[in-house]
Structure formats: structure tokens, C-alpha cells
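Below are some notes for someone opening this structure for the first time. They are numbered so that each can be checked on its own.

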Amino acid sequence: MKKLSVFLALLMLLSTFSLAAFAADGAVLTVGSATAKPGETVTVTIALKNNPGIVGAQFDVKFDASVLSVATYTAKNSKFLVPAFDAEKLAAKSKVTFAMATLLEIVSGDISLVDVSFKIADNAAPGTYDLTVENLSVYTYDESADKNSDKQFPYVAATAEKGTITVTTDSGSGTGTGKTEGKFTASKTYDNRFTDVTADKWFYDFVTTAYEYGLANGTSNTKFSPDSKFTVAQALTAAVNIHKTYYGMTVRAAAEGEAWYTPYVEYCVENGIIAEGQFTEFDKKITRGEMAIVFANILPAAEYAAKRTGVCPDVTSDMACYKAVEKLYQAGIVGGDAGTGNYRPNDEIARSEACVIFTRIALPSKR
């Protein structure tokens, strides 16, 4: 514990130094979103995307203290040490400060950092309340640098994306959870059924949200198979489910003797989601580029409002998927790999990666 105390103290002091920048692509700290009623407690996940490798981070999460209060928080990654929750210290505060660090072990890749539970005031008015990040600093470790110098802990270029908590008086559908956003309503609550979808995984929030909103199901009652690849038929089915929910439409059942996915293919063609003959093999794995083309065309243009510029560096204007990836990227629906920023359009898409697209298209608060 003495080693931890010394390192956390060092981490707090580093923010006062003028540090050398590290990793030009930039990490992104994201705050999750949730919907609930007055008096309820909801939990959001704070995660780091495009992470090139860090040993520590510190930041504040600011919120409306007249509506929200921090009920508790817990570390999501066992490699990061986080100060113990202190309810008395946080009482009536409008922000919570996090200083977390490893014991000099560099951790890279998309990671979940901490779960924060907020209690919604009993008299909270319906509305959407921001969870904004301030004073963000993210650090890595350079073993070759002079000890006790600021160069030993260079900072990682990082930005933050806010989360929201939506307070609603909606009673839901009776069988659902009461969570709604736009035209989408959660129909069930995730009950930790998938043994391969655990809270320490980067995709946990996306898979569980997709499950709750009926956008994705498991491969069995206890498995989601997050690393398995998505087929064309599965992708088109997911696109139809989002489209028909948004527009209040239906899809027919498969007739006796025809493939289960035939009605979904017909629906996509009839509603302009894909062109006739765009796909001919529906059991083959769909690529990330093909996935973008399908999902850039299922909702009105206003639902893809741009929040940033640019496109992933490995997606060029001569590619068939260029316009689709650019549209989804600028809307905050897709991003690139940590470090490179590449989209990998020719790679097959994993089920966990597909859930990112589903949830961010249906629920803008996840972008």
C-alpha cells in the first residue's frame, strides 16, 4: 500500500509539470449514458478508447448536484488502483475527481476504467443532464527517461466525450425497463447471463445495451460470442430491426421452405437499405466496409448529424465504402483502432464491434 500511495501522489503532482506530448492520434475518454426515473439509481461506465498505452489518468466528472449525487463508484479494471469511495466527502458535491494508476504497468487498447452510480433526486424534473469531463490528464511511462524528471511520465494526448443522464417519468411498456431514447425503448434488463461479456471488457456497455434494446441477442442463453464474426444475413436483420422500430413498420415471417433471412433481405431492398443484388451470399461474413454501407443508409440524414470532421486514414476516396465510413465516422458512430486510427474496411466485423454500431445509431447518447 505504501508503493501505491507514493505513486498516486506522484500522479497528482505530474499535472503541474510541463510534459512532453505522446501519441498524436489521441485517446478519447468517454462517459456512458443512462435513463431512469426520479428516486432511482443508475450506473454509467467511464472508458478510454484509442488508448496507445497508459499507466494513469486523472479527471473530474461534473454534474448538476440539484438532480444527481454520487452513490458509489468502483474500478472496472483490476490493473488500475482507484482511491476508496468516500460518501461523506462527496456529499452535495457537483463533481467527482478520479486519480487512478497502475503500478507502472502500461495498459493499452480500449478499456473500461470506472463505474459511477448516480442517485437521482426524488424531485428531479424530467430532462437530460450532462456528465462532463474537466481537467483531463492521461499519462504513460518512459522507463528510459531520467528518473524523477517530468519526461519519465509523458502525457498522452486525450480528449473527452460527455455522457448524459435522462430523467423521465415514462412508465415504459410494462415488460420493459422504462429506459427510452428517441424512438427506442429497452425491452429487458441485462441479467449477467453471458459469461463472455464481463464488466472489465471494453465492449460491455455496448453489448449489454444492444441486448436490452433488442438490437442483439446471444448465440446461446449463456454466451454472446463477442469475437465471432457477423454474417451478411445477421447484419441485414439487425438493420431491419432498427429501421422498423424507428418507422413503426413490420417484417413478415419466413414462409415454409424459404431461408429465415429472406423476409429481411426483401425488406432491405423494398426500403432502400440495400440494392437488389448488392449481396448474393448471405451466410458469408460481412466486412467492416460492407457493414458501414448498410448502416449508413437505414435512418434519415438528420440522425447522422456530423459532430466531427475527417475519416479514418486507411479509408480512401476510391473505396466503395468511403462515403459510408465518412458519414458514420463524422457522426461519431464508428472510429478507428487505438494508435493507428484505422478502420480496417476489408476485415470481417466481430459481434462486439457490430454492437457499437447498433447502439450508437439507435442511441445518440452513446456516440
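1. The model is predicted. Strand 1 (21-31), strand 3, strand 7 and helix 3 each contribute at least two residues to the lining of the largest cavity. That lining has 21 residues in total, and Thr30, Thr45, Ala47, Asp205 and Phe206 are the ones nearest the centre of the cavity.

2. On volume, the largest cavity holds about 240 Å³ of space. The count of cavities of 30 Å³ or more comes to one.

3. Strand 7 (residues 111-120) also contains Lys119.

4. The surroundings of Lys119 can be checked next. Leaving aside neighbours within four places in sequence, Lys119 is in contact with Gly39, Glu40, Thr41, Val67, Leu68, Ser69 and Ala71. Pro38 lies 81 residues from Lys119 in sequence, yet the two are 8.5 Å apart in space, C-alpha to C-alpha. The side chain of Lys119 also makes a polar contact of 3.5 Å with the side chain of Asp122.

5. The largest nonpolar core is made of 64 residues. Those with the most contacts inside this core are Leu236, Ile242, Met291, Phe295, Ile298, Phe358 and Ile361. At least two residues of the core come from each of helix 3, helix 4, helix 5 (262-270), helix 6, helix 7 (322-330) and helix 8. Helix 4 gives the largest share, nine residues.

6. Ile298 is one of the residues with the most contacts in that core. Not counting residues up to four places away in sequence, Ile298 touches Ala239, Ile242, His243, Tyr247, Ile273, Tyr304 and Ile361. There is also a second, separate core, with 39 residues, including Val31, Leu48, Val67 and Val133.

7. How many residues of helix 8 are buried? The figure is 12 of 12, and the helix is described as mostly covered.

8. Helix 8 runs over residues 351-362. From its first C-alpha to its last, helix 8 reaches 17 Å, close to the 16 Å expected at 1.5 Å a residue.

Key. Residues numbered from 1 in each chain as written. Predicted model: local features only at pLDDT ≥ 70, side-chain atom pairs only at ≥ 80, totals over all residues. Heavy atoms only, no water. Helix = DSSP H or I, 4+ residues; strand = E, 2+ residues; numbered from the N terminus. Expected span 1.5 Å × (residues − 1). Buried < 20%, exposed > 50% of the residue type's maximum accessible area, 1.4 Å probe, protein only. Contact = heavy atoms within 4.5 Å. Polar contact = N/O pair within 3.5 Å; in protein donor to acceptor, adjacent residues only side chain to side chain. Core = buried A, V, L, I, M, F, W, Y, C linked by side-chain atoms within 4.5 Å. 1 Å grid on protein atoms, 1.4 Å probe; cavity = no way out; pocket = protein on both sides within 12 Å on 5 of 7 lines; lining within 4 Å. Points joined across faces, edges and corners; volume = space filled by probe spheres on them.
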